[in-house]
Amino acid sequence: KRRNPGQPEFVQAVQEVAQDIFDFIGDKEEYHEQQILRRIAEPDRIVSFRVCWEDDNGCIRVQRGYRVQNNNAIGPYKGGIRFHPSVTESVLKFLAFEQTFKNALTGLPMGGGKGGSNFNPKGKSVREIMRFCQSFMTELYRHIGADIDVPAGDIGVGGREIGYMFGQYKRITNQFTGVLTGKGLEYGGSMIRPEATGYGAVYFLENMLKHKGQGLEGRVAVVSGSGNVATHAAEKLVQLGAKPVTLSDSGGFIHDPDGLTQEKIDWVKVHKTHRRGRIEEYCDHFTGATFHPGKTPWNVPCDVALPCATQNELSVEDARAMIANGVVAVSEGANMPTTLEGVHAFKDARILFAPGKAANAGGVAVSGLEMSQNSERRSWKVEELQTMLRDIMDGIHNRCLEYGERDGHVDYVKGANIAGFKKVADAMLAFGVV
Ligand code: NDP
């Protein structure tokens with residue numbers, strides 16, 4: 001806290017891993033001597049820059065852009081770009097720190113980074129978004145590269161924004177390289193990248209249940225968010241026979257006791273992404289659903305839960321209500337959606353709890369596969385990628401078991417923290433003091 005004043009999200013993320021790492025390090029001299037955890041928790045580099053753009057009324061607007069390059073011990077920096085008014089250096093530092101562990105867990109050669117801006121895409125015209133993306137990339141381009149740092153999408157940054165940024169990068173550098181992931185299929189994108197995070201979070205949930213001899217079939221699921229991760233998580237739940245009954249956005253949540261269907265999810269995808277609409281309008285289209293303004297969905301009784309909106313959206317009170325309602329498993333589609341106290345409540349109640357760095361790693365994993373395809377200048381088939389995504393999620397689950405299973409119970413938070421840390425730390429030890 002003293003080293004990072006005014007950065008609560010970053011301090012929270014470091015605290016969440018520190019205890020597990022201290023337990024693991026124990027008397028392992030080298031990790032202590034070399035100050036490995038302290039070095040991972042100090043970003044290699046933070047770039048902060050002015051992003052100036054012109055709105056449709058001819059007014060000049062000024063935003064702040066960032067790229068946090070946290071650690072590149074096992075591969076080029078890799079992590080998304082977020083456009084949201086809540087973006088601060090603290091938020092991006094926490095995300096880049098988490099990303100370092102998550103990327104290590106995938107087994108692919110990727111370091112950790114994150115970037116973004118306090119730009120609010122809501123209510124902006126397509127032209128305004130394009131001008132903003134171009135201006136953002138006009139500075140960012142000098143800090144990134146296919147073998148240096150490869151950004152992707154995140155909150156407020158989807159395929160369209162990636163297209164504008166890739167176009168500007170190519171224009172400035174005159175290079176066609178895999179410098180961004182989440183690209184369109186026409187210009188080097190990978191199949192199943194948009195689906196990968198949500199699908200992966202459900203695969204991880206299924207793996208946790210299977211390990212206990214249980215399944216997803218017929219389970220009532222509560223999902224928060226209604227963006228890329230939430231809609232694809234809901235889609236995979238439906239495919240695997242579960243019953244998602246909620247979605248949300250910053251205005252509140254909808255409860256559909258009949259359960260979401262593919263048709264309803266497709267409507268949400270178009271409504272939220274292309275029309276930038278509000279989730280409350282769901283109730284005008286589908287009977288039986290109710291909208292709950294200003295609320296999160298955690299009081300709706302469920303068997304399984306997938307928080308897929310944003311950080312700290314699930315408090316300790318929410319966690320206690322869910323436990324009282326009989327929740328069996330929680331899989332975090334978003335990054336750090338559960339508060340530190342909430343995580344402890346789930347752990348103490350021995351609920352199956354998958355932290356974001358393990359459960360939502362499917363997205364960055366397919367981004368890693370997109371990088372490989374770009375380097376080889378080829379595209380893999382959808383079936384090949386589906387198999388690879390499943391294998392990667394199985395691999396992450398196994399790594400969590402290796403370090404988190406004790407006395408018949410799996411502490412997935414501990415397992416993910418230690419497995420991610422060990423890989424990065426051992427690479428850092430090999431490099432000496434750098
Ligand atoms: P989107 O922008 O597609 O969707 C975000 C959703 O969360 C929207 O429904 C949005 O509502 C809601 N939301 C955002 N901020 C808040 C807030 N402060 N309070 C309440 N609701 C909010 O983003 P993604 O689906 O891509 O990302 C969601 C989460 O998943 C993030 O934590 C992200 O870091 C994480 N993640 C994403 C990956 C990816 O591949 N996209 C990979 C790994 C993790 P509204 O429309 O009202 O803003």
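Within how many Å do the axes of helix α1 (residues 8–25) and helix α4 (residues 89–105) come, and at roughly what angle do they cross?

Modeller: Before that, keep in mind that this is a predicted model: local features need pLDDT of at least 70, side-chain atom pairs count only at pLDDT 80 or more, and totals for chains, interfaces and linings use all residues. Residue numbers start from 1 along each chain as its sequence is written.

Now your pair: the axes of α1 and α4 come within 6 Å and cross at roughly 25°. (Axes are lines fitted to C-alpha atoms, for helices over the stretch in contact, and angles run from 0 to 180 degrees between N-to-C directions; helices are DSSP runs of H or I with at least four residues, strands are E runs of at least two, both numbered from the N terminus.) The two helices are therefore roughly parallel to each other, a label for angles under 35 degrees, with over 145 roughly antiparallel, 65 to 115 roughly perpendicular and the rest oblique.

Who touches whom? On the α1 side you'll find P8, E9, F10, Q12, A13, V14 and V17, and they meet S90, V91, K93, F94, F97, E98 and F101 of α4. (Contact needs C-beta atoms, placed from the backbone, within 7 Å.) By class, this α1 and α4 contact has nine nonpolar, two polar and three charged residues; Ala, Val, Leu, Ile, Met, Phe, Trp, Tyr, Cys and Pro count as nonpolar, Asp, Glu, Lys and Arg as charged, and the others, Gly among them, as polar.

For contrast, look at another helix pair. Helix α8 (residues 228–239) packs with helix α9 (residues 262–274) at about 170°, their axes 10 Å apart. That makes α8 roughly antiparallel to α9. T231, A234, E235 and V238 are the α8 residues here, and their counterparts in α9 are Q262, I265, V268 and K269.

Next, a sheet. Five strands form an open sheet in the order β1-β2-β4-β3-β5, with mixed pairing (two strands pair if DSSP finds at least two bridges between them). At the edges stand β1 (45–54) and β5 (149–152), each with a single partner strand, so one side of each is left without a neighbour in the sheet. From one strand to the next the twist averages 20°. Strand β3 (residues 77–83) is joined to β5 by four bridges, and the two run parallel; Y77 stands opposite D149 in β5. Helix α5 (residues 126–140) lies across β1, β2 (60–71) and β4 (112–117), running at about 145° to β1.

There's also an open sheet of three strands, ordered β8-β9-β10 with antiparallel pairing. Four bridges join β8 to strand β9 (residues 252–255), and T246 has H255 in β9 as its bridge partner.

Stepping back, the protein is divided into domain 1 (41–189) and domain 2 (194–359), with bounds from an automatic or database domain assignment. Taken over C-alpha atoms, their centres are separated by 26 Å. Nine residues of domain 1 are in contact with nine residues of domain 2. The side of domain 1 that touches domain 2 has five nonpolar, one polar and three charged residues.

Finally, the ligand: both domains give residues to the shell around it, so the ligand lies between them. The largest share of that shell, three residues, comes from α8. By class, the shell has six nonpolar, 15 polar and two charged residues.

Note on methods: Two residues are in contact if their C-beta atoms, placed from the backbone, lie within 7 Å.
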